[in-house]
Amino acid sequence: MATESAVTENGTGAGAAETLTITDNRTGQTYEVPIEDGTIRATELRKIKASEDDFGIMTYDPAYMNTASCRSAITYIDGDRGILEYRGYPIEQLAEKSTYLEVAYLLIHGELPDQRQLEEWTHQVTMHTFVHENVKEFMQGFRYDAHPMGMLLASVGALSTFYPEAAQIKDTDNRYLQVIRLIAKMPTLAAFSYRHNQGKPYVYPDNDLSYAGNFLSMIYKMTELKYQPDPRLEHALDVLFILHADHEQNCSTSAVRSVGSSQVDPYSAVAAGVAALYGPLHGGANEAVLRMLRRIGSTENIPDFIAGVKSGNERLMGFGHRVYKNFDPRAKIIKQAVEEVFEVTGKNPLLHIATELEKIALEDEYFVKRKLYPNVDFYSGLIYEALGMPVEMFPVLFAIGRTAGWIAQWLEMIDDSEQKIARPRQIYTGARTVDYVPVSARG
Ligand code: SDX
């Protein structure tokens, strides 16, 4: 590390060099490492060697707590100030004034569409909502009670076999068609997995409806000729899709980028994102929040639950974030959308437990010290439940919204000349050059 003096001398004075001066005390050698955008290139450290045949210094960063993996112009987050912007537009303005399809266009193309572009984009997506009948038959092969996220994971990956031309990722026209197909078909696959889980016939897309309205129709339509979504629920769901659309280099997006760096087709790369999002620490958290609230059961049980968290026997799901250390701006917006939905569906008794839990946690030193605040998943599950969704569907709804972000990040990675196949290094801790012992001689 640079010594204090080096930092102080060159710190903030006029003409301060944008470099680190590193002294290797093993050799007395000093190295100048350039600072670019608040980072140093890890490969610069390979110059620092203790001997000629030394590989050189690597960085060690489990879970990438302090590592930038790419340059990106898609989403900006300021975790301390609770700022989230898609292509520079504040999430509060997009949630209030835009629609999910328009936000998907913004993330993928980099700019808001004009009227003609929006109409063409909406038409393209609407015309691609159907899936091949074989996909439906493939999905019907799952167990009757298969988790819908597992079905979504498999069926998104299976689309790569229905569109083998998607492997031509350098063909921009072909790539754009796959982008349209993914945005268009994700709700269809999600709804099919829900209907399968409910033992109900699959409902085909209704291209007269909006993106969120069509999803509600594929979820809820029964014997009526045409499903008419409640506009308040349609709007609340569209806002949720907007809020989940992207979140810079989160776990699932990193998975999409890493798998995509092998130049596999976008369906396989997005399937990797679905798999990562399935985990309870990531997209599965909204499902875990509802199960947690149900387990708490009443506000009288909150003190015991909080004690369980402090003793390490429980985790307050829906709280905490790797980046947001004050508040998750999405949680604030979702809390407002909760009221809109409950006007239609009636108040959910779990909301009272959630708000009481939030109030207690925000005042408790254990959570304050660890900067644990409600994240996007804390309230979203209440809306999904109010919409009649089973908890297993919550991460699936998250995946529908995040598909636009995964695609935008995948496209940016493909076109980034600095990117190549992702292949981290390791610190080897195992045995070396052990001689083989035949099984007859093993103890
Ligand atoms: C999402 O990355 C993204 O952007 C994700 C996301 C997106 O849009 O893509 O925002 C979506 O995944 C939101 C997060 C949903 N997950 C949850 O709500 C699950 C509960 N939260 C956590 O498990 C946790 O807060 C994480 C995973 C979100 C963040 O974990 P970190 O940054 O690795 O923090 P940590 O686990 O190292 O925790 C730091 C301390 C630890 O305590 P000590 O060991 O220091 O004593 O805080 C504690 C943790 O035990 N802690 C919690 C806690 N979260 C962290 N303790 C109780 N309850 C929690 N929820």
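A polar contact, as I use the term here, is a pair of N or O atoms within 3.5 Å. I kept that cut-off at hand while going through this predicted model.

**Entry: the ligand**

I started with the ligand and listed what surrounds it. There are 22 residues around the ligand, and His247, Arg315, Leu316, His321 and Arg330 come nearest. I sorted that shell by residue type and got nine nonpolar, seven polar and six charged residues.

Next I looked up individual contacts. Histidine 247 places a polar side-chain atom 2.6 Å from an oxygen atom of the ligand. For histidine 321, I again found a polar side-chain atom 2.6 Å from a ligand oxygen. Phenylalanine 319 takes part through its backbone: an N or O atom there lies 2.9 Å from a nitrogen atom of the ligand. How much of the ligand does the protein bury? I noted 74% of the 1,000 Å² that the ligand exposes when taken alone.

**Entry: the domains**

I then stepped back to the whole chain. It is divided into domain 1, residues 1–60, and domain 2, residues 73–417. I took the centres of the two domains over C-alpha atoms and found 42 Å between them.

**Entry: helix 12**

Helix 12 covers residues 285–296. I checked its length: at 1.5 Å a residue, its twelve residues should span 16 Å, and the end C-alpha atoms are 16 Å apart, which agrees. Is this helix enclosed or open? Nine of its twelve residues are buried, so I wrote it down as largely enclosed by the rest of the structure. Among the buried ones are Glu287, Val289, Leu290, Met292 and Ile296.

Asparagine 286 is also in helix 12, and I gave it a closer look. Its relative accessible area is 0%, so it counts as buried. A polar atom of the asparagine 286 side chain lies 3.5 Å from the backbone oxygen of phenylalanine 394.

**Entry: histidine 244**

I found histidine 244 in the loop between helix 9 (231–243) and helix 10 (251–260). Histidine 244 is buried, because its relative accessibility is 0% and the cut-off for buried is under 20%. What does its side chain meet? One of its polar atoms lies 2.7 Å from the backbone oxygen of leucine 240.

**Entry: two positive phi values**

Most residues other than glycine have a negative phi, so I made a note of the exceptions I came across. Arginine 87 has a positive phi, near 50°. I placed arginine 87 in the loop between strand 4 (83–86) and strand 5 (89–90). With a relative accessible area of 22%, arginine 87 is partly exposed.

Lysine 371 is not a glycine either, and its phi is positive at about 50°. Lysine 371 sits in the loop between helix 16 (365–369) and helix 17 (376–386). At 41% relative accessibility, I have lysine 371 down as partly exposed.

**Entry: alanine 154**

My last stop was helix 6, residues 148–162, which contains alanine 154. I recorded alanine 154 as partly exposed, with a relative accessible area of 27%.

Methods:
Residues numbered from 1 in each chain as written. Predicted model: local features only at pLDDT ≥ 70, side-chain atom pairs only at ≥ 80, totals over all residues. Heavy atoms only, no water. Domains from an automatic or database assignment. Near = heavy atom within 4 Å. Polar contact = N/O pair within 3.5 Å; in protein donor to acceptor, adjacent residues only side chain to side chain. Areas by Shrake-Rupley, 256 points an atom, 1.4 Å probe, with all protein chains shown as cover. Nonpolar A, V, L, I, M, F, W, Y, C, P; charged D, E, K, R; others polar. Helix = DSSP H or I, 4+ residues; strand = E, 2+ residues; numbered from the N terminus. Expected span 1.5 Å × (residues − 1). Buried < 20%, exposed > 50% of the residue type's maximum accessible area, 1.4 Å probe, protein only.
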